[in-house]
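Take a moment to turn the model around on your screen, and then let us walk through it together.

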There are 2 protein chains.
Amino acid sequence: MPKLGMEPIRKQALVNATIVEIGRVGSLDVTVSQIAKRAGMSSALAHHYFGSKEEMFLAAMRHVLTLYGAEVRGALAAADGPDARLRAILRASFSPMNFRRDVVGAWLNFWVLAQSVPGAKRLLGVYQGRLRSNLRACLRPRADAAQIADGLGALIDGLYLREVLKDGPADGARAVAVALDYLDARLRGANAS
Amino acid sequence: MPKLGMEPIRKQALVNATIVEIGRVGSLDVTVSQIAKRAGMSSALAHHYFGSKEEMFLAAMRHVLTLYGAEVRGALAAADGPDARLRAILRASFSPMNFRRDVVGAWLNFWVLAQSVPGAKRLLGVYQGRLRSNLRACLRPRADAAQIADGLGALIDGLYLREVLKDGPADGARAVAVALDYLDARLRGANAS
DNA sequence: TCGTTTATTGACTCGTCAATCAACAAAAGA
DNA sequence: TCTTTTGTTGATTGACGAGTCAATAAACGA
């Protein structure tokens, strides 16, 4: 049975299974056995490839973040002009992939993980920093670019949160609409206060 | 030692200890023993008063929600006019009490809890419903009241989130400023798109 | 061919923790 | 006084789960 070069395949399967299981259970209280089972292997093998459960969580987090980053980069590449780039970031952030129930559930639990695991906190910091700098870049000429970007970043996270708790299916288009609604108003309005 | 009428005192102590411990550990992975110890009693007594750990979590959540509700109600009572009432809700939401590190940590974990415990989900639903109806009431005359309220609610939650992850101390005043910044722009601007 | 590396698992260890229980202490009531 | 109610805990149970280990097997390299 044992074919060589299994490591990357097994790891990927475990990462996917981790995300699915976290989303299914709705918390980080998933056992390595559950994850391994879903990935079609024994828990011992999971421990063999990732040294620990925490390492598995971090790998899953890294994967989600990587996918998101790729999506944003792709959307940005196809947009020119600051305005179009802003909208591209929003659309990417609320794309169906990011709104898959398990992915959003994973994000939520990663936020919690970041409270206690420094590695997780660092990863989230990288994501937030990139998002912030992307947003600011689109708003650079304005004096209040930083404040607008911070608010918009928070709005994105908040809209995410709402979707997790909703009963029905997530509605990315609506989230984009709400965000654009505020952003447009803020961009047009005088820089208040 | 045993004085009578201990029940409410013990329960309150446990609820407070639960919030503190969740905030300290940064997750729901707190043992009943830890909580009981901080509350100055044995874990057996904790189980005696609340039947289970889950019941303790729900009681703590109810308490946080009650405090928040009282704060909003108090702020609303002292404000007249829709505009002042909107600002009152914002100020109450970002009051120092709600930005205490452990309280915000508790909120974050309650969001996670709501994913798997129906009772928790119901409680959060009540909170969100009240917040939404309060916000809408302040915006009633407008045709787009619902959309503005939804965005503002999400913005509040998102700003919360940012504070949890920050390293330094939480800054409620800044959050209020960012929220007002967007809200003012949105209220003044044409109802876009 | 034979040792080495990679893949894989079942069984096991060790710790932890929620929940229970038996027992004890003090107040209230009869 | 005696009994019932309330408060309180140490010890115990029972389950579960992360991580380890020994053993097996296939491929590879020399």
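## Chain A at a glance

Let us begin with how much of the chain is hidden: buried residues account for 52% of the 193 residues in chain A. Please keep in mind throughout that this is a predicted model.

The secondary structure of chain A consists of nine helices and zero strands. Reading from the N terminus, the order of elements is therefore simply α-α-α-α-α-α-α-α-α. Taken along the principal axes, the C-alpha atoms fill a box of roughly 65 × 35 × 30 Å. If you look at contacts in chain A between residues at least 6 apart in sequence, 66% of them join residues at least 24 apart.

## Surface and charge

The accessible surface of chain A is about 8700 Å², and carbon and sulfur atoms contribute 57% of that. As for charge, chain A carries 26 positive and 17 negative side chains. The centres of these two sets lie 3 Å apart.

## How the two chains are related

The interface tells a matching story. Of the interface residues of chain A, 98% are also interface residues in chain B, so the copies meet through the same surface.

## The nonpolar core

How many residues does the largest nonpolar core have? The count is 142, and the residues with the most contacts inside this core are Phe94(A), Trp107(A), Trp111(A), Phe94(B), Trp107(B) and Trp111(B).

Now to Asp102(A), which sits in helix α6 of chain A, spanning residues 101–116. Is Asp102(A) buried or exposed? Its relative accessibility is 14%, so Asp102(A) counts as buried, the cut-off for that label being under 20%. Beyond residues up to four places away in sequence, Asp102(A) touches Ile19(A), Val20(A) and Gly23(A). Asp102(A) and Arg24(A) are 78 residues apart in sequence, with 6.6 Å between their C-alpha atoms.

Over in chain B, Val103(B) belongs to helix α6, residues 101–116. With 5% relative accessibility, Val103(B) counts as buried. Apart from neighbours within four places in sequence, Val103(B) is in contact with Ile19(B), Val64(B), Met97(B) and Asn98(B). Val103(B) and Asp181(B) are 78 residues apart in sequence, and their C-alpha atoms are 25 Å apart in space.

## Two partly exposed residues

Ala75(A) is part of helix α4 of chain A, which covers residues 53–77. Its relative accessible area is 23%, which makes Ala75(A) partly exposed. Leaving out neighbours within four places in sequence, Ala75(A) contacts Ala88(A) and Ala92(A). Between the C-alpha atoms of Ala75(A) and Arg136(A), 61 residues apart along the chain, the separation is 16 Å.

Where does Arg142(B) lie? You will find Arg142(B) in the loop between α7 (118–139) and α8 (145–165) of chain B. Arg142(B) has a relative accessibility of 25% and so counts as partly exposed. Not counting residues up to four places away in sequence, Arg142(B) touches Ile148(B), Arg186(B), Leu187(B) and Gly189(B). One of these, Leu187(B), is 45 residues from Arg142(B) in sequence, and 9.6 Å separates the two C-alpha atoms.

Technical notes: Residues are numbered from 1 along each chain as its sequence is written. Chains are lettered from A and ligands numbered from 1 in the order in which they are written. This is a predicted model: local features need pLDDT of at least 70, side-chain atom pairs count only at pLDDT 80 or more; totals for chains, interfaces and linings use all residues. Side-chain values use heavy atoms; hydrogens and water are left out. Helices (H or I, at least four residues) and strands (E, at least two) are DSSP runs, numbered from the N terminus. Buried means under 20% relative accessible area, exposed over 50%, partly exposed in between (1.4 Å probe, protein chains only). Contact means heavy atoms within 4.5 Å. Accessible areas come from the Shrake-Rupley method with a 1.4 Å probe; for residues, only the protein chains shown count as cover. Lys and Arg count as positive and Asp and Glu as negative; His and the chain ends are not counted. The place of a charge is taken as NZ of Lys, CZ of Arg, CG of Asp or CD of Glu. A nonpolar core is a set of buried Ala, Val, Leu, Ile, Met, Phe, Trp, Tyr and Cys residues joined through side-chain atoms within 4.5 Å.
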